[in-house]
Amino acid sequence: MSSAPDHEYMARALQLAARGLFSTDPNPRVGCVLVRDGEVVGEGWHERAGAAHAEINALAQAGARARGATAYVTLEPCCHHGRTPPCSDALIEAGVARVVAALQDPNPLVSGNGCRALQTAGMEVDTGVLAAESARLNPGFVKRMQDGLPFVRCKLAMSLDGRTALASGASRWITGTQARADVHRLRARSSAILTGIGTVLADDPSLNVRLQEVPQPRQPMRVVLDSRLRMPATARLLGLPGRTLILTGNSDADKVTALLRDGVTVTTLPLVDGHIDLSAMLRLLGELGMNEVHVEAGATLCGALLAAGLVDEMVIYMAPHLLGDTARGLFSLPGLKQMEQRVGLEISDIRALGADWRITAVPVTKN
């Protein structure tokens, strides 16, 4: 049974886990705190994929003081050999007496097996302490392990009257510097940044991460939906560090060859009404290990994802100015003709960023 101290130490473990927000992909963000006789004897977090897990780092800090301690871990300790040995074995060998895990690992290779291994070794195990908070820190990992699909977050910037750009397409800059820096944090935590060819042709974006607090950030994979393979070989994003994936329905060998270079892949997917099959696209990204997909696209692609029920979360930056009724809207939703068809949203967070407001919302599923 959990206690108030259990919640306190797990909250600290979650703080540690959040330090890996930008670096652990495709692994989950995990923190660990070791406590013996009311004293924290070791702390650690998973810093990057391929490096030691949180439990190992905490055990290394604790040394011999880990014997008889309680380990607070934000995710069930792993019990299989991946790029690193099982954490369950390390906890057993260190003589840890009790493990409190926030969330059962949704990975089928672990999912309960880690806790059972600890119990078999005679260790007391409790789960569920701040489980929701752990899941919120790892929405993409949880969803991919459960459904095979990434968590889709759609970022939009709009004026107070809900417009994203003037009729001419001019949109730089709708929001201020603090909001734009926040967008880069969203990019940095993501596995992939998704856009459509229309945005590439109109804006020639970089779609990379530029953060002052992270001098050399991990660059998410850039994914461009380009059904007819109109991507210009001179596009800025093709020459940037990191990976770019172009998804198309066109198998023209000459066009494909013109785009191929280090870090650039062209993959053919089925088309639906002349457009990339969005469900097939997300299934592929899940197979590629993408946890969180950050969407920066125009009204057509954003509207199609929303209409298909494929958006898990929206982050909307609202600036205090007006662009007028001839300016462009957020989503293209041509099928809406009656009020009963409107898309309901549940707002989970609103906060100020300089002069702008950031609204986080989740589409409401209709029964």
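A salt bridge is a side-chain nitrogen of Lys or Arg within 4 Å of a carboxyl oxygen of Asp or Glu. The legends below apply this term to a predicted model.

**Figure 1. Salt bridge between Arg 153 and Glu 313.** The closest N and O atoms of Arg 153 and Glu 313 are 2.7 Å apart. Arg 153 belongs to strand 6 (residues 151-159) and Glu 313 to strand 15 (residues 313-319), so the bridge ties together parts that are 160 residues apart in sequence. Buried means under 20% relative accessible area. Arg 153 is buried because its relative accessible area is 4%. Glu 313, at 16% relative accessibility, also counts as buried.

**Figure 2. Salt bridge between Asp 126 and Arg 98.** The side chains of Asp 126 and Arg 98 meet at 2.9 Å, N to O. Asp 126 sits in strand 5 (residues 124-127) and Arg 98 in strand 4 (residues 98-101); the two residues are 28 apart, and the pair links distant parts of the chain. With a relative accessibility of 15%, Asp 126 counts as buried. Arg 98 counts as buried too, at 12%.

Figure 3. An N to O distance of 2.8 Å defines the contact between the side chains of Asp 182 and Arg 358. Here a helix is joined to a strand: Asp 182 is in helix 7 (residues 177-189) and Arg 358 in strand 18 (residues 356-363), 176 residues apart. Asp 182 has 7% relative accessibility and counts as buried; Arg 358, at 14%, counts as buried as well. Through salt bridges that share partners, Asp 182 and Arg 358 belong to one network with Arg 185, Glu 213, Asp 349 and Arg 351.

**Figure 4. The chain around the close-ups.** The secondary structure consists of eleven helices and 18 strands. The structure holds 18 salt bridges in total. Positive and negative side chains number 37 each, and the centres of the two sets lie 5 Å apart. Along the principal axes, the C-alpha atoms fill a box of roughly 65 × 45 × 45 Å. Buried residues make up 49% of the 367. Of the contacts between residues at least 6 apart in sequence, 69% join residues at least 24 apart. The accessible surface is about 17,300 Å², and 51% of this surface belongs to carbon and sulfur atoms.

Methods: Residues are numbered from 1 along each chain as its sequence is written. This is a predicted model: local features need pLDDT of at least 70, side-chain atom pairs count only at pLDDT 80 or more; totals for chains, interfaces and linings use all residues. Side-chain values use heavy atoms; hydrogens and water are left out. Helices (H or I, at least four residues) and strands (E, at least two) are DSSP runs, numbered from the N terminus. Buried means under 20% relative accessible area, exposed over 50%, partly exposed in between (1.4 Å probe, protein chains only). Contact means heavy atoms within 4.5 Å. Accessible areas come from the Shrake-Rupley method with a 1.4 Å probe; for residues, only the protein chains shown count as cover. Lys and Arg count as positive and Asp and Glu as negative; His and the chain ends are not counted. The place of a charge is taken as NZ of Lys, CZ of Arg, CG of Asp or CD of Glu.
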